[in-house]
Amino acid sequence: MKRQLLICSLAFVFFSCQKDNFTITNLNGGKITVLGHAGMGIGNTYPMNSYESILKCLNTGAQGSEMDVQLTKDSVLVAYHSRDLSDNTNLSGIVHAFTWAELKSAYYTSTPYLRYSILSLDELFSNIENLHDYVFTFDCKLFTQENATTYKKTYINSIAKIIDRYDLADNVYLESQDTDFLLRLKQKNQSFKLFIYPSSYDNGLSKALDLGLYGITISTDDITKEQVEEAHRNNLHIALWNTHSKRRNKEAVDKSPDFIQTDRVAHLVKMLE
């Protein structure tokens, strides 16, 4: 009986330790770039887009991080997701209504007794060692009450300046739902790596091809493996998000995308080792 139990135990350990074998065919040489979803993702102790969350993501082994980027009143780029600051900070209103000096007093209210601040991209990039070992995706959030054309021009100039300041031309991907914004980005710099963030795959494919973009960012729920292959045939990179469990990480990997923006960073890093 003991011998049978020992055999069963050894078999369990053996099979549980077996790694998944994936055949990955993509535009990234068969490798998937692991990006944290705004750092360590949804449900982590650290607030999304905070310095602590992004740094932990990098230290966990990800190749980089996606982050939500907004523009302050005085043209500083900051990492913040929601339209209104009242959603999860002590302030109220849109980011663009505040100067960076005013936003420095903001802190996330999702973590009682601990104060995590809103992060500027300057603060982030100036404090990451070996910065050029990582890649970053800016999910550009366009929230303003001012003239949209002027706002977009200022926003794009701020993106160009920070990429130049830290020499990140090869390390930054830019995504947006706004095709006019993407077109303006392309006109600013043809070498920008631009992703459309569409309402559906078919819509994204059409717009990406029309605009000559680098790729499509889409929920893993809204694209099939066959559609990923179609995008690759059209030389479009695919970034998947909405992978908030181990199962969804695996399902996303099975589709052979080029990037995965995951909420389960440690699991995906280990799975792809």
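**Exercise 1. Determine whether Ser75 is buried, partly exposed or exposed, and describe its backbone and location.**

Solution. At 30% relative accessibility, Ser75 counts as partly exposed; the class lies between buried (under 20% relative accessible area) and exposed (over 50%), computed with a 1.4 Å probe on protein chains only. The model is predicted: local features need pLDDT of at least 70, side-chain atom pairs count only at pLDDT 80 or more, and totals for chains, interfaces and linings use all residues. Residues are numbered from 1 along each chain as its sequence is written, and side-chain values use heavy atoms, with hydrogens and water left out.

Next, consider the backbone: Ser75 is not a glycine, yet its phi is positive, near 70 degrees. Finally, the residue is located in the loop joining strand E2 (64–71) to strand E3 (77–79). Here helices (H or I, at least four residues) and strands (E, at least two) are DSSP runs, numbered from the N terminus.

**Exercise 2. State where Ala38 lies and whether it is buried or exposed.**

Solution. Ala38 belongs to the loop between strand E1 (33–37) and helix H2 (51–60). Its relative accessibility is 0%, so Ala38 counts as buried. Its phi is positive, about 55 degrees, although Ala38 is not a glycine.

**Exercise 3. Identify the buried residues of H2 and explain why they are on the same side.**

Solution. The buried residues of H2 are Ser53, Ile54, Cys57 and Leu58. They lie on the same side of H2 because they cover an arc of only 135 degrees around the axis; the arc is that of the directions from the helix axis to the C-beta atoms. The cover over these buried residues includes E1, E2, strand E4 (119–120), helix H4 (121–126), strand E5 (135–140) and helix H10 (265–271), where contact means heavy atoms within 4.5 Å. Just after H2, Gly61 has a positive phi of about 120 degrees.

**Exercise 4. Describe which residues of helix H8 (residues 225–233) are buried and which are exposed on the other side.**

Solution. Val228, Ala231 and His232 are buried in H8. Their arc around the axis is only 100 degrees, which puts them on the same side of H8. Glu226 and Arg233, on the other side of H8, are exposed. The packing partners of the buried residues of H8 are helix H7 (201–211) and strand E9 (237–243). After H8 comes Asn235, with a positive phi near 60 degrees.
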